[in-house]
Amino acid sequence: MNDLHDRIERLLPLVQNPAQYVGGEWNVVRKTPRPGMTRVALVFPDTYAIGMSHLGLQVLYHVFNSRPDVACERAFVPWTDMEALMRRDRLPLGSLETFTPLAEFDVV
């Protein structure tokens with residue numbers, strides 16, 4: 001994937017619920033960005049377990065990714081164990097689909 005993916009992957013054995021950081025669920029959408037495409041990051045202000053049960057997030061994700069000119073990805077607040085490791089290693093919060101740092105999106 002990319003450098004952030006590799007660095008996050010090395011932390012997974014050190015956290016309690018690593019599955020929430022790897023993505024790959026059913027119906028996940030991964031689009032290859034093209035020139036002129038708007039990149040949107042939907043960031044839920046809570047953990048993956050809470051955010052994935054939020055119907056509004058699921059609807060927005062589907063609506064944005066239904067458009068050919070938009071690539072929409074998701075990010076969630078890491079649990080305290082992962083947050084501490086990410087701060088220690090100075091890792092940015094990235095998207096679940098492609099581990100793209102949030103600063104690289106057009107809309108957050």
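Student: Which strand does Glu-73 lie in?
Tutor: This is a predicted model, so everything here is read from predicted coordinates. Look along residues 70–76 and you'll find Glu-73 there. That run is strand 2.

Student: Is Glu-73 buried or exposed?
Tutor: Buried means under 20% relative accessible area. Glu-73 has a relative accessible area of 3%, so the label is buried.

Student: Which side chain joins Glu-73 in a polar contact of 3.3 Å?
Tutor: Start with the residues in contact with Glu-73 once its neighbours within four places in sequence are set aside; among them are Arg-39, Tyr-61, Ser-95 and Phe-105. The polar contact of 3.3 Å runs between side chains, and the partner of Glu-73 is Arg-39.

Student: How many bridges join strand 1 to strand 2?
Tutor: Strand 1 covers residues 38–44 and is mostly covered, with five of its seven residues buried. Leu-42 stands opposite Arg-74 in strand 2. The two strands run parallel, and the number of bridges joining them is seven.

Student: Why does the pair of Glu-97 and Arg-74 tie together parts of the chain?
Tutor: Arg-74 sits in strand 2, while Glu-97 lies in the segment after helix 4 (80–88), so their pairing links parts that are apart in sequence by 23 residues.

Student: Which residues are linked with Arg-74 in a network of salt bridges?
Tutor: A search of the whole structure turns up seven salt bridges. One of them joins Arg-67 and Asp-69, with the closest N and O atoms 2.8 Å apart. The network that holds Arg-74 also takes in Glu-25 and Glu-97.

Student: Is Arg-88 buried or exposed?
Tutor: Arg-88 and Asp-89 meet through their side chains in a salt bridge of 2.8 Å, N to O. Asp-89 counts as partly exposed at 26% relative accessibility. Arg-88 has 53%, so that residue counts as exposed.

Notes
Residues are numbered from 1 along each chain as its sequence is written. This is a predicted model: local features need pLDDT of at least 70, side-chain atom pairs count only at pLDDT 80 or more; totals for chains, interfaces and linings use all residues. Side-chain values use heavy atoms; hydrogens and water are left out. Helices (H or I, at least four residues) and strands (E, at least two) are DSSP runs, numbered from the N terminus. Buried means under 20% relative accessible area, exposed over 50%, partly exposed in between (1.4 Å probe, protein chains only). A polar contact is a pair of N or O atoms within 3.5 Å; within protein, one must be able to donate a hydrogen and the other to accept it, and residues adjacent in sequence count only if both atoms are side-chain atoms. Contact means heavy atoms within 4.5 Å. Two strands pair if DSSP finds at least two bridges between them. A salt bridge is a side-chain nitrogen of Lys or Arg within 4 Å of a carboxyl oxygen of Asp or Glu.
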